[in-house]
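Please read the report below alongside the sequence and the model. It goes through the chains by topic.

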Amino acid sequence: MVFLTLFNLARNRGPDKYWRVQQQLRMSWHFRTRTRTCYRIGMNVVNKALMYSYNGRKLKKEQMKYLWNTRIEAGAGEHGLTRRELLEGLARSDILLDKKVLSELAVYEPRTFQSLTEIAKKTMSDTRVGKPLNVLYEK
Amino acid sequence: MAQSGYRILSCFYKTNSRLLNSGFTDHVFVTQVRGRKRWHRSLYKAFYWRRIEQGPEPERPRSAWINWNYDAEIFALGQRLKEDFTETTLKRALTHSSYIQKEKVLRKDLEMGDEVHLEDNCELVKKGEEFTNDYVKAYLRHSFPALPEEGICSISEYLQSDEMLAEIGRNIGIKDLILCAEFPPSTATLSQSLKAMIGGLVQDQGSHTAEHFVQDFIITMMVGKDVMEMWEIVNPMGVLQSVIQKQQHGDIESRLLYETGANTVLATYMVGVYSDKKLLGKGYGETLSIAEEMAARDALRKFFGITLNQEPLPFNEDGHRLEIDHRKINASIKDYLTPSQLQ
Amino acid sequence: MAHHRVQQWATFARQWWVYDATWQCPFRSAPAIIKHLQGKHKPIYHPTNDCGDHVVVINSKHIAMEGDLWRTFKYSHHTGGKDSEDPDLETFSENVPDEILKNLSGQIQQVMTVPKGIHEYTEEEKAEFPALFDWPQDHIMMRSGPSKPKQ
């Protein structure tokens with residue numbers, strides 16, 4: 001800002017810090033001790049928390065994939081298949097269900113999941129072992 | 001944080017596109033606003049505490065606002081539902097006698113005479129109620145031919161309860177359109193208004209259209225629900241025995257199919273009910289008696305045609321094509337019971 | 001609602017499994033047992049979900065270990081104390097109590113096929129087995145079957 005008189009420059013106190021403090025307190029209300037009430041003390045903790053949440057957003061995706069795999073493995077195991085056999089069989093039968101949906105079916109729709117395993121078993125026994133997978137977008 | 005940055009103070013640019021197109025763009029003024037002023041804090045705090053002191057806004061009907069257009073809303077309701085109501089019928093269906101009474105008193109106080117040119121919906125309510133009850137039961141009897149009459153009545157009671165009808169009415173948006181003395185309208189008023197609308201539809205469009213309306217809005221509330229939750233069977237094992245005797249099968253035999261953790265507090269049993277060496281149903285539970293009772297319920301589901309994995313009810317085109325016999329009545333559960341069980 | 005209640009009960013029921021450790025490699029058996037203890041054999045598995053089962057391992061003294069591991073195997077267990085030692089392999093030889101056996105509801109498949117020892121065949125079966133050559137009359141056969149423990 002340009003101040004034409006020295007008097008105005010001395011008077012200017014800048015923006016009110018209250019709003020900046022309030023914004024941080026909104027992010028630290030669930031912390032322990034003075035980190036939740038004091039601005040300066042909570043500063044590093046809030047920054048660290050934001051870092052964790054940023055990393056966590058990526059980690060969550062990996063962990064969900066791991067969980068889906070475990071659940072599909074368990075669901076397929078109940079019907080005498082491995083996860084790889086099930087996914088291979090479904091891909092060969094042109095059933096394009098992703099892992100998320102398959103794991104949800106295994107938990108909440110066990111009968112539907114069972115019929116999917118039956119299809120996969122049949123396709124795996126019908127098709128030769130060396131036959132390549134069906135290509136989705138063929139030219 | 002603070003809302004610093006540029007704000008367009010002149011509204012020319014945003015609101016009047018005609019001016020913009022005719023070469024008036026020179027008149028757009030952009031000024032910079034830096035941060036919040038120091039006096040903002042005390043001002044907003046004062047607003048905050050004033051709001052808390054005042055308490056929450058009282059709930060007001062939509063018609064309390066100045067831009068309320070009753071006729072347009074009534075027309076829009078008919079269009080939303082895709083039904084050709086005549087305007088007078090729909091207005092009458094949504095007018096309660098309590099509103100007319102209130103208006104009369106009001107006019108008397110203002111010395112305007114006590115003539116109110118409105119008709120209440122009493123007749124339509126009665127008509128709609130009879131029609132709905134008749135059609136819902138006929139539809140259920142058609143869809144569940146093996147279910148005893150007690151079950152049909154329980155489901156129909158559940159579908160036509162005040163709470164259910166009020167919920168349906170709220171969802172199709174008649175809450176703000178009802179003319180009645182109280183606000184907000186009670187569940188009874190809401191359910192009566194919906195019944196009156198059905199009565200009006202019978203009057204205007206004939207029973208065929210009204211049947212579709214009832215099917216689309218009331219019977220669809222059965223979707224995803226279990227009939228056993230609406231109809232409680234007392235003594236399922238006794239009922240199963242009578243049903244089996246009626247069908248001339250052998251005696252019922254319960255067998256333990258699976259158990260785990262028998263010596264722990266988390267014991268689980270799975271019991272199957274057999275007759276003539278054929279598995280009728282199986283159930284599970286924390287004790288043998290509970291598991292046996294659940295097995296009997298499972299077997300009854302099969303006999304009464306209310307299994308959890310059966311075909312969905314016919315709606316839309318399939319539902320509108322149904323040919324329903326309104327005179328048919330299902331067998332009562334008393335027909336299955338032996339004289340000793342009835343006492 | 002009763003149906004949903006018992007469905008919930010049956011879904012989260014703790015099952016009791018039995019595992020016969022006869023002639024089984026403990027290192028290969030462990031993943032199969034861990035899977036059941038963690039509940040990873042159920043589609044409802046979740047790391048925060050308490051859905052693990054119980055496993056009763058029987059005949060643990062008959063496990064099969066490679067080479068000299070019977071004597072040399074030690075659990076890695078550091079207490080940090082001055083005199084701390086890694087404990088030796090120890091198996092339980094007591095019988096499983098009846099009250100635990102009553103809880104059992106299923107069996108975990110063994111990870112290795114149990115071989116049949118020569119001493120388990122009958123004399124007739126041995127005689128029927130085709131022989132490539134006859135042993136000379138003065139040949140002394142090596143001992144077959146379990147040795148007697150030293151007194």
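In chain A, the C-alpha centres of domain 1 and domain 2 lie 45 Å apart. Domain 1 covers residues 14-57 and domain 2 covers 60-136; such bounds come from an automatic or database domain assignment.

This is a predicted model, in which local features need pLDDT of at least 70 and side-chain atom pairs count only at pLDDT 80 or more, while totals for chains, interfaces and linings use all residues. Residues are numbered from 1 along each chain as its sequence is written, and chains are lettered from A and ligands numbered from 1 in the order in which they are written.

Chain B has 16 helices and 5 strands; these are DSSP runs numbered from the N terminus, helices being H or I of at least four residues and strands E of at least two. Of the 343 residues in chain B, 29% are buried, meaning that 20 or more other C-beta atoms, placed from the backbone, lie within 10 Å of the residue's own. Two residues are in contact if their C-beta atoms, placed from the backbone, lie within 7 Å. Among contacts in chain B between residues at least 6 apart in sequence, 61% join residues at least 24 apart.

Leaving aside neighbours within four places in sequence, B:Ala299 is in contact with B:Leu240, B:Val273, B:Leu280 and B:Gly281.

Chain B also meets chain C: 18 residues of chain B are in contact with 14 residues of chain C. The elements below each supply at least two residues of the chain B side.

| Element of chain B | Residues |
|---|---|
| Helix H12 | 227-230 |
| Strand E3 | 252-260 |
| Strand E5 | 278-285 |
| Helix H14 | 288-304 |

In chain C, helix H2 (residues 26-38) has 13 residues and should span 18 Å at 1.5 Å a residue, which agrees with the 18 Å between its end C-alpha atoms. The expected span is 1.5 Å times one less than the number of residues. C:Ser29, C:Lys35 and C:His36 are buried in H2(C). Strand E1 (16-20) and strand E2 (54-58) of chain C are included in what covers the buried residues of H2(C). After H2(C) comes C:Gly39, with a positive phi near 85 degrees.

Definitions and conventions. Buried ≥ 20, exposed ≤ 12 C-beta atoms within 10 Å, placed from the backbone.
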